Amino acid sequence: MSYPTQQTTSALTSNSSDLDITLAYHLDIVIAIVILLFALFNVPRAVARFANPSERFRGHLLRYVPLRRKPRINLNTQSIYLYSDPEKSAIDLNDSSEGCSTTFKALPALPTQSLRNATGSSPFGGQKPVHMPMLSSLVHPVTSILGYSVHEGYTVGQVLLMAGYAAMIFYCGFYKSNPFSDPLRAGWVAISQIPFAYIFASKNNVVGALVGVGYEKLNYLHRLIGRLVVVGANVHAIGYVYKWSLAGQLSTELAQPYIRWAFVGLACVDLLGFGSTQFVRSKSYNLFIISHVLGSFVLLFAVCQHRPACVPYIVAASVFYGLDRLMRMVKTRITTATLRPIPELGLTRVEIPSLNSGWRAGQHVRLQVLSTGMGFLGLTEVHPFTIANVERTEEGMVLMCKKAGRWTTKMYELSATAKYGEQGREVGKNVKVMVEGPYGGVGNTVISSYSGALFVAGGSGITFVLSAVQELVRLGDDSSVRTIDIVWSIPDAASLTPMIPLFTSLIEQSTLARLRVSVFYTRASKGSFQGMYLPPGMTLAPGRPKTAKFLDDAITSTQSGGGATGVFVGVCGPPALARDVAGVVRTFDIYRKRMVGGIELHEEVFGW
């Protein structure tokens, strides 16, 4: 009976290592090919978007553009704080508990202007936008299945994508390998995924740019890849510890420097995994940020010290990470903002007049308030907020930040400490802010290319709706949209008071597109509705909206107006509201979807 010699064992080990490296390399190639296939499907929509001259330079960099002439219509949102009483206690805009007492007064509409300026020109190129529907809006039966929500907001399509990704990882991990006898394979597979973990974590996401979606829409893939890396790294480490223990070489191996660096990297991976749990993110967001920044940086150095053959993967991750940090620096602006409390809406209005251009409707920015009034930890925190108005207005960028947690509560209290003007009106608190963006939004979708639009908002989700509707109203005849419906759910009817003048102005100025606003309140109100002025086209009712009815009305109005380029449905609010609207769109009559040109759904969900 013959036994394997040392040379034979060494050859087998070398062959096994070569196979591990080859599989890891080919795995990354396959993933890159899949990403390029998704990007290929997005090319027609990207071409259609950038065929519109107005879309080529929007949505990339925030800037200030001098307004050479007064805007042809009044799109300022100043009425939100002009008709707000800063002495009232703040309302939780997303709460539905006990009622409160409010008396409504008649509110005059804002002055309107002609939809066309003296020259009759348009700031957006003077032509209707090119329309290119999403593939999902054309393949209705498949979309209905893939769009079904199954668990924690994940759709069937997302679950299938994650399952396919995990299947490729496990195939490479177990192909001709046993994790107990060959723990090296798990290490190589984990290392091969580090570049993708960094790519999907970046704000300036390369994959997002290719497939036409914001980084927040791909964050679930970052979490999946991160967990797979954690599992692979621990299987790799435990396998070797088990192997060395059986051979009685544990203490000898642990004394080697490259093994010590391996455990430094393992500690970083486990720290990243623990810090990214929902419990840590919700209880201590600062701990989540600190653990990610430190862990992700030290990990790259530790892996290089552990095994030099891993350097190409670390270089790739470092390049993508460095480009993201560079782009974030380019997109960052430090300027002065005015904070104003809006107690009826339970939020803080942030006005940044020095930034008035560079974003698209629905995009968000990351805001950091540089004031000692925010506290020591509050100074370091950065939070995302959707831009609440259209670009190129006299008031600049406007954010409306709901008072939901410790940081936003601090900001609300800071805004409420401001002094009052001669007439007793709150004039705001000026603070230094750091604004980074814009990010996210509707991707390569051009809302103005659709025949109809339905917007459903819950609470502070109205910010997304305001920017989108203002843009459609300003476009006028340069937009294909002829029916616009806004459905807004709020806990208390008092929240509507400061918004009435703005809604009135939008309705009066939308002369080419029929605009309707339907507001629903879910909390019993003890106040009087007598004297409350609602313009034609605006309604206020108790209860929750029936989304299916509003979608049916929107499609009927669009068809009656001869529209055939589809209906855009945008929803912004809590996850439950987004699931409800997605369910209505998914189960809507397929024949009517085809007749109207398809229905495209865009979701902006709180808490991503």
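Trainee: Which residue forms a salt bridge with Glu55?
Mentor: Arg49 does. Their closest N and O atoms are 3.7 Å apart. Keep in mind that this is a predicted model.

Trainee: Is Glu55 buried or exposed?
Mentor: Buried. Its relative accessible area is 4%, and the cut-off for buried is under 20%.

Trainee: And Arg49, buried or exposed?
Mentor: Arg49 is buried as well, at 8%.

Trainee: Which residues are linked with them in a network of salt bridges?
Mentor: The network links Arg49, Glu55, Arg58, Arg360, Glu391 and Glu471. As a rule, side chains of opposite charge can pair when their charged atoms come close.

Trainee: How many salt bridges does the structure hold?
Mentor: It holds 22.

Trainee: Which residue does Lys128 meet in a salt bridge?
Mentor: Asp477, at 3.7 Å from N to O. That pair links distant parts of the chain, 349 residues apart. Lys128 sits in the loop between helix 2 and helix 3. Asp477 sits in the loop between helix 17 and strand 10.

Trainee: How accessible are those two?
Mentor: Lys128 is partly exposed, with a relative accessible area of 42%. Asp477 is at 39%, so it counts as partly exposed too.

Trainee: What about Glu604, which residue does it meet?
Mentor: Lys217, in a salt bridge of 3.7 Å, N to O. Here the partners are 387 residues apart. Glu604 belongs to strand 14, and Lys217 to the loop between helix 8 and helix 9. Glu604 is buried at 7% relative accessibility, whereas Lys217 is partly exposed at 28%.

Trainee: New topic. How many helices and strands are in the chain?
Mentor: There are 21 helices and 14 strands. The chain has 608 residues, and buried ones make up 51% of them.

Trainee: Which residues touch the most other members in the largest nonpolar core?
Mentor: Phe455, Ile462, Val469, Trp488, Leu496, Met499 and Phe503. That core has 43 residues. Several elements give two or more residues to it, including strand 7, strand 9, helix 18 and strand 13. Helix 17 gives the most, with eight residues.

Trainee: What is in the second core?
Mentor: It is separate and has 22 residues, among them Leu339, Phe385, Leu414 and Val431. In soluble globular proteins, nonpolar side chains tend to be buried together.

Trainee: Why is helix 7 called largely enclosed?
Mentor: Because seven of its eight residues are buried. They are Ile194, Pro195, Phe196, Ala197, Tyr198, Ile199 and Phe200. The helix spans residues 194-201.

Trainee: How accessible is Val311?
Mentor: Its relative accessibility is 31%, so Val311 counts as partly exposed. Here is a handy general point. An α-helix has 3.6 residues a turn, so residues three or four places apart point the same way.

Trainee: What share of contacts in the chain join residues at least 24 apart?
Mentor: 79%, counting contacts between residues at least 6 apart in sequence.

Trainee: Last one. How many disulfides are there?
Mentor: The count comes to zero. A disulfide is a covalent bond between the sulfur atoms of two cysteines.

Trainee: Are Cys401 and Cys572 buried or exposed?
Mentor: Cys401 counts as buried, at 1% relative accessibility. Cys572 is buried too, with a relative accessible area of 3%.

How values were computed:
Residues numbered from 1 in each chain as written. Predicted model: local features only at pLDDT ≥ 70, side-chain atom pairs only at ≥ 80, totals over all residues. Heavy atoms only, no water. Buried < 20%, exposed > 50% of the residue type's maximum accessible area, 1.4 Å probe, protein only. Disulfide = S-S within 2.5 Å. Core = buried A, V, L, I, M, F, W, Y, C linked by side-chain atoms within 4.5 Å. Helix = DSSP H or I, 4+ residues; strand = E, 2+ residues; numbered from the N terminus. Salt bridge = Lys/Arg side-chain N within 4 Å of Asp/Glu carboxyl O. Contact = heavy atoms within 4.5 Å.
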